Amino acid sequence: MADIRLEGVGHSYDGGRTWALKPMTWTWQSSRAYALLGPSGCGKTTLLNIISGLITPTVGRIFFDDRDVTDVPTAGRNIAQVFQFPVLYEEMSVYDNLAFPLRNRKYPAKDVDERVRQVARLLGLEDVLRRRSRRLDPGRQQIVSLGRGLVRSQVAAVLLDEPLTVVDPALKWTLRSKLKEIHRDTGHTLIYVTHDQTEALTFADEVVVVNDGAIVQAGEPAELFLSPAHEFVGHFIGSPGMNMLPAEIADGVVRVGESDVGLAEGDLPPGPVRIGVRPEFVLINGDRRSPGVAARVTGIDRMGAYDLVHTLVGEHTVTAKTEAGSPYTPESTEFLHFPADRTFLFRDQVRCGSL
Ligand code: ATP
């Protein structure tokens, strides 16, 4: 296993007119489980294919530890890759499919058998080991593909590109925890591409958020949730995402319309900012020390475990997540408070301070 280092790596599919991946420098540390999270088209697959060698980057160099692999083809990189759809030898048994990557690298027969059975047990494939792969449903076939990706213990990295798309939703949770178990056991470096925040947050040691061809923030799930460094992370992570409101800094005080909402922390020049606060932290009528920001309730979603109270501050929507059974009614005016340690200030989408 090796650290995988990208130095100034970027890729353009159209001769440099646009960049699917903007030049970046970044290290994937050995043995960590990463999720690469971002919306469709942001460059996740391009990045993964650059690591595996399916794509040669337009600019930059890639290193596995100190070895420059930029010009090394996929076969020479010792990478396992799992795609969105099953890639199997359909006429072979499940057992032989799982054994293939090991036999191909001349593992002793005893080790092959041991490892195949171990992976089959973890992924719930024991009862179909003798079956031809084409006779399994696509979801099961994909689990076999996953097994093939994970069966070798000595790989530089396992790259997983939306591997659970065709798997039954009920099975996804189980498979994700199995993946974590296998990761604990093998210490593989895993890079798991997904556009689904739940998948990313429940799976990874570290989530790398990509937007528009660039890494906007990387961190542990809690860090991304509690301390987003970029508006995109605020929107994209959380359900619903972070509320954003235009505000103004004057004499060190942050104002929304006519209301003071707190002091600006950080050395910030006066002028417009956007304040961001997650629905979980918006307080309704919660602070007697300040009048708060007047908001008109527009609707309440009763979600069972909690309520989502939707309001308008001027013409901007602010949603609060409250306990179930909240007493607010549409058209009433309530007062919102934004807690100092949970409210951030953004300029040009980048966090520049807090309340
Ligand atoms: P998805 O989740 O939809 O696969 P992604 O985040 O993996 O998206 P990429 O597939 O890496 O994103 O695509 C990044 C950008 O590059 C997109 O704008 C896409 O249209 C473009 N692109 C990807 N592959 C090619 C290609 N072979 N030729 C031209 N443009 C491409």
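Student: Which is Phe344, buried or exposed?
Tutor: This is a predicted model, where local features need pLDDT of at least 70, side-chain atom pairs count only at pLDDT 80 or more, and totals for chains, interfaces and linings use all residues. Residues are numbered from 1 along each chain as its sequence is written, and side-chain values use heavy atoms, with hydrogens and water left out. Buried means under 20% relative accessible area, exposed over 50%, partly exposed in between (1.4 Å probe, protein chains only). Phe344 has a relative accessibility of 8%, so it counts as buried.

Student: In which strand is Phe344 placed?
Tutor: Strands (E, at least two residues) and helices (H or I, at least four) are DSSP runs, numbered from the N terminus. The run that holds Phe344 covers residues 343-347 and is strand E20.

Student: What distance separates the C-alpha atoms of Phe344 and Pro279?
Tutor: Along the chain, Phe344 and Pro279 are 65 residues apart.

Student: Where does Asp348 lie, and what is its relative accessibility?
Tutor: Asp348 lies in the loop between E20 and strand E21 (350-354). Its phi is positive, about 50°, although Asp348 is not a glycine. Most residues other than glycine have a negative phi. Asp348 counts as exposed because its relative accessibility is 76%.

Student: Which loop holds Asp212, and what is its relative accessible area?
Tutor: Asp212 sits between strand E9 (206-211) and strand E10 (214-219), in the loop. Its phi is positive, near 50°, in a residue other than glycine. Asp212 is exposed, because its relative accessible area is 51%.

Student: What is the omega of the peptide bond from Ser239 to Pro240?
Tutor: Pro240 is in the loop between helix H8 (231-236) and strand E11 (243-250). Most peptide bonds are trans. The bond from Ser239 to Pro240 is cis, with omega near -5°.

Student: How far does a polar side-chain atom of Thr46 lie from an oxygen atom of the ligand?
Tutor: An oxygen atom of the ligand is 3.0 Å from a polar backbone atom of Gly43. A ligand oxygen is also 2.9 Å from an N or O atom in the side chain of Lys44. For Thr46, a polar side-chain atom lies from a ligand oxygen at 2.5 Å.

Student: What percentage of the ligand does the protein bury?
Tutor: Areas come from the Shrake-Rupley method with a 1.4 Å probe. Taken alone, the ligand exposes 630 Å². The share of that area buried by the protein is 53%.

Student: What is the angle between the planes of Tyr192 and Phe203?
Tutor: Rings of Phe, Tyr and Trp (its six-membered ring) pair if their centres lie within 6.5 Å; planes under 30 degrees apart are stacked, over 60 edge-to-face, the rest tilted. By this rule there are 6 aromatic pairs. Tyr192 and Phe203 form a tilted one, 4.6 Å centre to centre, with a plane angle of 35°.

Student: How many residues apart are Tyr192 and Phe203?
Tutor: Tyr192 is buried at 0% relative accessibility, and Phe203 is buried at 2%. Tyr192 belongs to strand E8 (residues 190-194) and Phe203 to helix H6 (residues 197-203). The pair links distant parts of the chain, and the number of residues apart is 11.

Student: Which residues form one aromatic cluster?
Tutor: The cluster holds two Trp residues and one Tyr. Its members are Trp26, Trp28 and Tyr34.

Student: Over the face of which residue does Arg342 lie?
Tutor: A charge sits over a ring if NZ of Lys or CZ of Arg is within 6 Å of the ring centre and within 35 degrees of the ring normal. Lys321 lies over the face of Tyr306, at 4.4 Å from the ring centre. Arg342, at 5.1 Å from the ring centre, lies over the face of Phe281.

Student: With which side chain does His310 make a polar contact of 2.7 Å?
Tutor: His310 is in strand E17 (residues 306-313). A polar contact is a pair of N or O atoms within 3.5 Å; within protein, one must be able to donate a hydrogen and the other to accept it, and residues adjacent in sequence count only if both atoms are side-chain atoms. The contact of His310 with the side chain of Thr319 is 2.9 Å. The contact of 2.7 Å is with the side chain of Asp301.
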